[in-house]
Amino acid sequence: MAQMVAAPSGAKNGQVFGRGELARRRHDVVVAYLLLAPAVLLVLGVLAYPLGWLVEISLTNSSVLDTSTKLVWLGNYAGFLRDAEFWRASANTLGYLAITAILKMAVGVGIALLLARPFPGRPLVFVATFLPWAYPGGLGAVGWYWFLIPPLHSSYSVFMGDLHLFFDSRLGEGTWGFISLIAFNVWRGGSFVGIFLLAALNGIPEDLFDYATTEVKNAWRKFWMVTVPLLRPFLALATFLSLTGAAVDLGNVYYISGFRNVYPIVWTQAFHLALFGGQWGRAAALSLILMPVLTLILFICYRVFEPLEEDVA
């Protein structure tokens, strides 16, 4: 007769385990922790530690011009809140993220709905849709720059030059360049969102759409009342990924341009402060100052990403 031992205090309803079963469970727990260890080390080493270091530096007056580093607590953050340039950069940053996210969602939904239906030449259209995302971002940025700001006389260079002058003269120097950055990000990100949502549409049972067709005849009502609710979790995830993609593309352009602070947004100003001004404390604070807003956006996306059944309950 197998010897039985009392279950740990956490066991439910008087559940008991044999010695062999208990040993196997302990072995499984150890293996689980060992398998998790690389991921935990990666998160702590690559994300948590740099973030903690950045927070610590942001609370000091660290600078290459003054080696006597002192703790200034929230002084760097308070200083930016009184700076008009910071508010202009914040408006540019949030405007850039909002405009690109909305445009990418519109383009992506259109691509997904188009490719969800069979039609002649669909494979070729699918490949053409996927190319912007698969194409290297750096080369794409150069191509868009030369297309919108032609370096040589061409059939469209006069027209682009007129547009350049029109926007820069009315909205300020650099506006046309900022528009070109938005167009580049929508071109790349809209492709990704479209393929992402197409995969989500293909995962939804076709019976649901067939049933909706019998109940709702109007195409717009079917899209708004059936397709959008079914895609809601994927739209939320695509929105968050598009925000991170917008920041990445902006970084690509910033690096390719030789670290020039062409577009006055928060993160390029932070790079500028650190690399050219040597003001590490202020640069760290500037890079972190929008984190509460981004955390709120992430929280909203996370709430929307929850299973639909919980909302029904």
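**A guided look at a predicted chain**

Visitor: What share of the 313 residues of the protein chain counts as buried?

Guide: Here 32% of the 313 residues count as buried. Please keep in mind that this is a predicted model.

Visitor: What makes the protein chain more spread out than a compact globule?

Guide: Let's begin with its parts: the protein chain has 13 helices and two strands. Its radius of gyration is 26 Å, while the globule rule gives 20 Å for 313 residues; 26 Å is well over that, so the chain is more spread out than a compact globule. Along the principal axes, the C-alpha atoms fill a box of roughly 90 × 70 × 35 Å.

Visitor: Why is Asn 185 called buried?

Guide: Buried means under 20% relative accessible area. Asn 185 has 1% relative accessibility, so Asn 185 counts as buried. You will find Asn 185 in helix α7, residues 175-203.

Visitor: Which residues does Asn 185 touch, not counting those up to four places away in sequence?

Guide: Asn 185 touches Tyr 96, Thr 100, Lys 104, Gly 190, Gly 245, Ala 246 and Asp 249.

Visitor: Why is Thr 239 called partly exposed?

Guide: Thr 239 has 23% relative accessibility, so Thr 239 counts as partly exposed. Thr 239 has its place in helix α9. The C-alpha atoms of Thr 239 and Gly 52 are separated by 27 Å, and these residues are 187 residues apart along the chain.

Visitor: Why is α8 called roughly antiparallel to α9?

Guide: Helix α8 (residues 206-215) packs against helix α9 (residues 219-256) at an angle of about 160°, and their axes are 11 Å apart. Angles over 145 degrees count as roughly antiparallel, and that makes α8 roughly antiparallel to α9. The crossing of α8 past α9 is right-handed.

Visitor: Which residues make the contact of α8 and α9?

Guide: From α8 come Leu 208, Phe 209, Ala 212 and Thr 213, and from α9 come Lys 222, Val 226, Thr 227 and Leu 230. Sorted by class, this contact has five nonpolar, two polar and one charged residues.

Visitor: Which residues of helix α11 are buried?

Guide: In α11 (residues 280-288), the buried residues include Gly 281, Ala 283, Ala 284, Ala 285, Leu 286 and Leu 288. Among the elements covering the buried residues of α11 are α1 (19-58), α2 (75-81), α3 (84-115), α10 (266-275) and α12 (291-305).

Technical notes: Residues numbered from 1 in each chain as written. Predicted model: local features only at pLDDT ≥ 70, side-chain atom pairs only at ≥ 80, totals over all residues. Heavy atoms only, no water. Axes fitted to C-alpha atoms, helices over the stretch in contact; angles between N-to-C directions. Helix = DSSP H or I, 4+ residues; strand = E, 2+ residues; numbered from the N terminus. Parallel < 35°, antiparallel > 145°, perpendicular 65-115°, else oblique. Left-handed = near helix turned anticlockwise from the far one by under 90°. Contact = heavy atoms within 4.5 Å. Nonpolar A, V, L, I, M, F, W, Y, C, P; charged D, E, K, R; others polar. Rg over C-alpha atoms; globule rule 2.2 N^0.38 Å. Buried < 20%, exposed > 50% of the residue type's maximum accessible area, 1.4 Å probe, protein only.
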